[in-house]
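Biologist: I would like to learn how to read a model like this one. Could we go through some features together?

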Amino acid sequence: MPPAGELRHQPPSEDTQSTDTPSAEAAAAAAILAAAADSEAAGLWTQIKAEARRDAEAEPALASYLYSTILSHSSLERSISFHLGNKLCSSTLLSTLLYDLFLNTFTSDPSLRNATVADLRAARVRDPACISFSHCLLNYKGFLAIQAHRVSHKLWTQSRKPLALALHSRISDVFAVDIHPAARIGKGILLDHATGVVIGETAVIGNNVSILHHVTLGGTGKACGDRHPKIGDGCLIGAGATILGNVKIGAGAKVGAGSVVLIDVPPRATAVGNPARLVGGKEKPTIHDEECPGESMDHTSFISEWSDYII
């Protein structure tokens, strides 16, 4: 799902009439966008409940589980808050406390709900193993880790760092996904399989990005401050790739599985190998036609240009 357009407000004018008009137009546009987002979320939630009812009828053993996690709830926010609370709770971090924390955070910031909807659609569309939205909501640990991270990041920005770090620790323990609460992540994100993903404190990930298992967005071990990768919109990061340092992976770029990237990758270029090199060469890298590899999930289109090895 492409990111919504950004509204830009005009600076104040001395003319009262000209000041009021842009403000009214901006408010109307914002209301339309909010209504569209609400409608999309409501439609998706209706579909998720229909899928849960179908599965409960087909598998009576799951009926109680599906009722408690999905069918008994009035909204996507309540369902995911309940589910995450049960997944991440411990003997000292109670599920009821986590439920209230997640629900209050999701309902206080509509952008979090919109990101959740985009992430659900990303998994359903991009992953052929994802058989339904309800399957993703209940079982995809990459999806669940991202939603829990969004809450921990919100806590971090509110200077509630001890709670953000405690939640981060539980996410890492339960889902085997280690995302620092300060890391900034866009929407429409797919962590496919997700096991072993590590995302450092100052990392930034754009919209519509797909990342496979055992990917590291880390530091070099010697730098301080802004020291982690910046991943542009629409990128595709292959399994086991390691990207280190404050390097920029341009919008629509690909990083091949197992690659080790230490320098910038231009937009819509492909980096492969250890150490990674650009397909087509550093001076004139090959620019692929795909606008958004993060959505197409094509991991092998570069092979013919990168290597003459043929089986």
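Predicted model: local features only at pLDDT ≥ 70, side-chain atom pairs only at ≥ 80, totals over all residues.

Biologist: Let me start with a helix: which residues are buried in H8?

Modeller: Residues are numbered from 1 along each chain as its sequence is written, and side-chain values use heavy atoms, leaving out hydrogens and water. Buried means under 20% relative accessible area, exposed over 50%, and partly exposed in between, with a 1.4 Å probe and protein chains only. In H8, the buried residues are Ala-164, Leu-167, His-168, Arg-170, Ile-171 and Phe-175.

Biologist: Why do the buried residues of H8 line one face of the helix?

Modeller: An α-helix has 3.6 residues a turn, so residues three or four places apart point the same way. Viewed down the axis of H8, the buried residues fall within an arc of 165°, so they line one face; the arc is that of the directions from the helix axis to the C-beta atoms. On the face turned away from that buried side, H8 carries the exposed residues Pro-162 and Asp-173.

Biologist: What covers the buried residues of H8?

Modeller: The cover includes helix H3 (76-88), helix H4 (95-108), H7 and strand S1 (178-179). Contact here means heavy atoms within 4.5 Å. Helices (H or I, at least four residues) and strands (E, at least two) are DSSP runs, numbered from the N terminus.

Biologist: How many residues of H7 are buried, and what does H7 span?

Modeller: H7 is mostly covered, with 13 of its 17 residues buried. The expected span of a helix is 1.5 Å times one less than its number of residues. H7 (residues 141-157) reaches 24 Å from its first C-alpha to its last, close to the 24 Å expected. Just after H7, Ser-159 takes a positive phi of about 60°.

Biologist: What does the side chain of Thr-157 reach?

Modeller: Think of polar contacts: pairs of N or O atoms within 3.5 Å, where within protein one must be able to donate a hydrogen and the other to accept it, and residues adjacent in sequence count only if both atoms are side-chain atoms. Thr-157 is in helix H7, and its side chain reaches the backbone oxygen of Lys-154 at 2.7 Å.

Biologist: Now the sheet: in what order do its strands come?

Modeller: Strands of a sheet pair through backbone hydrogen bonds, either parallel or antiparallel. Here, two strands pair if DSSP finds at least two bridges between them. The open sheet of 6 strands has the order S3-S6-S9-S12-S14-S15, with mixed pairing. S3 (190-192) and S15 (277-278) stand at the edges with a single partner strand each, so one side of each has no neighbour in the sheet. S3 and S6 (residues 210-212) run parallel, joined by 3 bridges, and Leu-191 has Ile-211 as its bridge partner in S6.
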